[in-house]
Amino acid sequence: YPGCMWFEEFAKLNPDAKVVLTVRDSPEQWLVPLRIPFSVATRHAHVQETNFLFLVLVFLSSHMKAIFQLMERTHGKQPNDPKTDLAELYTEWNDRVVAAIPKERLLVFNVKQGWEPLCKFLGKPVPDTPFPRVNSKEEHKEMMKKFRRKMVLDKVMGFVKANRFWRSRVLGVYLSAII
């Protein structure tokens with residue numbers, strides 16, 4: 001992501017390429033990691049579960065604005081609009097991919113299926129190693145913690161670099177904290 005948003009262009013440029021559409025058991029399951037960032041900033045739900053400073057920084061960041069604009073251009077809907085049904089957006093996206101890619105070039109794949117359907121589709125042998133399980137709820141939480149820390153640090157350092165008065169004070173506090 002976000003490269004998948006150009007799947008039609010990539011498929012036209014590579015007419016022999018196979019396409020793997022990864023899906024979840026349900027749209028609701030796909031929504032789980034999105035619920036807090038989308039709903040808190042736009043619908044004010046679950047505020048007690050979220051770091052408010054993180055939300056302000058994320059939703060004011062140019063990166064998130066660009067992602068939302070790209071999603072709106074791709075889907076014709078704003079993902080952060082409270083009227084947008086994100087589960088419906090997920091279903092429409094999957095339907096769009098299935099309709100656009102010929103059946104012989106497309107594998108609709110749930111990672112719970114493991115190696116076999118993926119390897120069969122790609123014409124490769126099934127490895128002896130277990131199928132990797134990543135992006136679990138716990139891993140996602142840990143990734144979000146690291147992301148929050150980086151966002152805060154990037155914003156603070158950007159402010160410090162742009163402001164000569166604060167530069168010496170923040171740098172001095174930082175150095176005294178690590179010495």
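Author: A charge sits over a ring if NZ of Lys or CZ of Arg is within 6 Å of the ring centre and within 35 degrees of the ring normal. Keep that in mind as we look at this predicted model.

Reader: What makes Lys18 count as lying over the face of Phe121?

Author: Lys18 is at 5.0 Å from the ring centre of Phe121, and the cut-off is within 6 Å. Lys18 is therefore described as lying over the face of that ring.

Reader: How many aromatic pairs are there?

Author: The count comes to 3 aromatic pairs.

Reader: Why is the pair of Phe7 and Trp93 called edge-to-face?

Author: Their ring centres are 5.3 Å apart, and rings pair within 6.5 Å.

Reader: Why is Phe7 called buried?

Author: Buried means under 20% relative accessible area, and Phe7 has 9%, so Phe7 is buried. Trp93, at 13%, counts as buried too.

Reader: What makes Trp115 and Phe131 an edge-to-face pair?

Author: With centres 4.8 Å apart and planes at 75 degrees, the pair is within 6.5 Å and over 60 degrees, so it is edge-to-face. Trp115 belongs to helix α6, while Phe131 is in the loop between α6 and α7.

Reader: Why does Trp115 count as partly exposed?

Author: Its relative accessibility is 23%; that lies between 20% and 50%, so Trp115 is partly exposed. Phe131, at 16%, counts as buried.

Reader: Which residues do ring pairs link into a cluster?

Author: Phe109, Trp115 and Phe131.

Note on methods: Residues numbered from 1 in each chain as written. Predicted model: local features only at pLDDT ≥ 70, side-chain atom pairs only at ≥ 80, totals over all residues. Heavy atoms only, no water. Phe/Tyr/Trp six-rings, centres within 6.5 Å; stacked < 30°, edge-to-face > 60°. Buried < 20%, exposed > 50% of the residue type's maximum accessible area, 1.4 Å probe, protein only. Helix = DSSP H or I, 4+ residues; strand = E, 2+ residues; numbered from the N terminus.
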